[in-house]
Amino acid sequence: MADRYLSFTGTAPGRLLTRRLGLPQPAALQRWTPEQPSLKGDRLLLTAGKSDLGLTDADARTALGLDLTTAPSEKPAAVVLDATGVRDVETLAEVHAALHPVVRSVAESGRVVVLGAPLDPADHHQAAVQQALEGFTRSLGKEIGHGRTVNLVRLTDAHAAESTLRFLLSPRSAYVSGQVIEVGSAPADVTAPHDPPHDPDRPLTGRTALVTGAARGIGEAVAETLARDGARVVVLDVPQAEQDARRVADRLGGTALALDITAPDAGTRIAAALPDGLDVLVHNAGITRDRRLVNMPAERWSSVLDVNLASVLRTTDALLESGTLRRGGRVVATASIAGLAGNAGQTNYGASKAGIVGLVRALAPRALAEHGVTVNAVAPGFVETKMTAAIPLFIREAGRRMNSLAQGGLPIDVAETTAWLADPGSSGVNGQVVRVCGQSLLGA
Ligand code: NAD
């Protein structure tokens with residue numbers, strides 16, 4: 001399962017040889033550790049156009065807790081470019097003028113975050129140049145290299161985007177690049193009455209999270225990360241995996257729930273197991289049953305659609321309707337880049353994961369308005385798990401390298417993204433499908 005090529009290119013002879021042969025040179029990504037929880041170095045704020053966000057005011061930035069500086073920096077760990085005020089092609093040139101001189105100096109595993117404004121349907125010049133920022137961001141992500149990431153956040157209110165910027169400017173977002181994330185203004189009344197005071201190091205303190213398929217792989221990492229952030233976790237998995245689920249739950253001080261999520265009464269049984277309610281519901285359980293459509297029996301189709309999509313629809317409905325998912329709650333579902341780009345041999349899986357995208361987009365505004373619950377999805381690319389270790393060598397190597405970071409992601413990358421979406425501060429993030437794929441070339 002280990003990426004030996006990545007280890008090899010981290011050695012001096014490996015670097016020399018791969019450079020000579022023109023092969024990909026993935027950088028070892030800096031991920032969150034308790035010893036190094038943040039990126040080392042300045043976070044530089046630049047502006048293009050006339051912005052209304054007020055970030056040039058040092059007091060406003062301090063109030064946001066973002067620690068951004070406008071003083072020149074030799075090797076910034078991150079650069080935030082406020083381009084929300086760009087309204088025409090002339091001011092778009094300021095994006096080039098601001099980033100051109102500094103982009104080379106951004107530290108390895110550093111971050112570039114472009115702030116854009118929502119597209120104004122009444123002003124096609126503004127809409128054109130704000131959309132231009134998307135092409136700019138994705139292109140810079142593909143060329144910047146050295147483990148650095150580039151993302152675009154469309155926002156109107158810097159306060160609503162605080163948790164998002166905190167995530168993107170940290171080692172937690174190591175494998176998230178080339179993404180466009182929209183952050184709306186969080187409705188003022190969407191707070192959970194039971195919330196203790198917000199602690200940015202343990203934002204989920206006092207919250208209960210249930211993760212499906214959490215006995216191993218990505219789900220296990222999600223449960224671990226939510227527990228690290230203070231949540232009481234419920235580790236759900238099929239009865240056959242009960243022992244592993246218990247092991248994970250015991251380690252995290254949580255509880256295990258042996259339940260096949262496709263059971264028609266799964267929602268009621270979860271509600272019964274959580275009489276005090278639920279704050280974070282992570283739909284992670286998923287299966288593949290690959291075959292080309294011509295060779296695919298109906299059973300392979302229905303089992304994948306049942307686990308990956310129908311059970312997600314059923315349990316979400318049941319837990320919203322029963323009020324088990326409390327106000328201020330979060331639903332995070334798991335899509336896949338196969339659902340966005342399509343994949344040969346995966347008509348069933350691709351359909352199920354695209355279905356997740358449809359569910360998220362349609363339910364998000366309603367769930368927030370009616371229940372005070374946000375609904376988002378993560379869409380992993382190639383992640384190093386047992387599932388991907390089983391892929392034949394050459395296809396596996398192609399999957400691993402065909403992204404801007406030239407390596408696979410780790411389960412922790414999906415987990416960190418889920419934890420950001422689950423954060424009580426992320427109420428303004430709703431209806432988003434965030435790819436955790438190192439900016440995969442597939443379905444960009
Ligand atoms: P995995 O196979 O390692 O783990 C999946 C877990 O879900 C297992 O513990 C399994 O027992 C559980 N599960 C399966 N059916 C269930 C059911 N009916 N009820 C309850 N639990 C059930 O998979 P993974 O690689 O960790 O993937 C997790 C999620 O991420 C899946 O939804 C998968 O489709 C998605 N994903 C993974 C990748 C990747 O590269 N690994 C890429 C894109 C998307």
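Modeller: A polar contact is a pair of N or O atoms within 3.5 Å; inside the protein, one atom must be able to donate a hydrogen and the other to accept it, and residues adjacent in sequence count only if both atoms are side-chain atoms. Before we use it, note that this is a predicted model, where local features need pLDDT of at least 70, side-chain atom pairs count only at pLDDT 80 or more, and totals for chains, interfaces and linings use all residues. Residues are numbered from 1 along each chain as its sequence is written, and side-chain values use heavy atoms, with hydrogens and water left out.

Biologist: How many residues surround the ligand, and which are the closest?

Modeller: There are 27, and the closest are Arg-216, Asp-237, Asp-260, Asn-284 and Tyr-349. A residue is near a molecule or strand if one of its heavy atoms lies within 4 Å of it. Four elements each give at least two residues to this shell: α7 (217-228), β7 (232-237), α12 (347-371) and α13 (386-389). These are DSSP runs numbered from the N terminus, with helices (H or I) of at least four residues and strands (E) of at least two.

Biologist: Which classes make up that shell?

Modeller: It has 13 nonpolar, ten polar and four charged residues. Here Ala, Val, Leu, Ile, Met, Phe, Trp, Tyr, Cys and Pro count as nonpolar, Asp, Glu, Lys and Arg as charged, and the others, Gly among them, as polar.

Biologist: Now the whole chain. How do you know what its radius of gyration says about a compact globule?

Modeller: The globule rule is 2.2 Å times the number of residues to the power 0.38, with the radius taken over C-alpha atoms. For 444 residues a compact globule would come near 22 Å; the chain has 22 Å, so the two agree. The C-alpha atoms fill a box of roughly 60 × 55 × 45 Å along the principal axes, and the secondary structure comes to 15 helices and twelve strands.

Biologist: Why is Thr-374 called buried?

Modeller: Buried means under 20% relative accessible area, exposed over 50%, and partly exposed in between (1.4 Å probe, protein chains only). Thr-374 has 0%, so it counts as buried. Its place is in strand β11 (residues 374-380). Beyond its neighbours within four places in sequence, Thr-374 is in contact (heavy atoms within 4.5 Å) with residues including Gly-329, Val-331, Leu-368 and Asn-430. Over the chain, buried residues make up 55% of the 444.

Biologist: And Asn-348: buried or exposed?

Modeller: Asn-348, in helix α12, is at 0% relative accessibility and therefore buried. A polar atom of its side chain lies 3.2 Å from the backbone oxygen of Arg-300. Among the residues Asn-348 touches are Arg-289, Met-296 and Trp-301.

Biologist: What makes Ala-117 buried, given its place in a loop?

Modeller: The loop runs between β3 (111-116) and α5 (124-143), but burial is judged by area: Ala-117 has 10%, so it is buried. Its C-alpha atom is 6.6 Å from that of Gln-130, 13 residues apart along the chain. Gln-130 is also one of its contacts, with Thr-84, Gln-126, Arg-154 and Leu-155.

Biologist: What stands out about phi of Ser-109 and of Gln-439?

Modeller: For Ser-109, phi is near 60°, a positive value in a residue other than glycine; phi of Gln-439 is near 60° too. Ser-109 sits in the loop between α4 (89-99) and β3, while Gln-439 is in the segment after β12 (433-436). Ser-109 has a relative accessible area of 6%, which makes it buried, and Gln-439, at 4%, counts as buried too.
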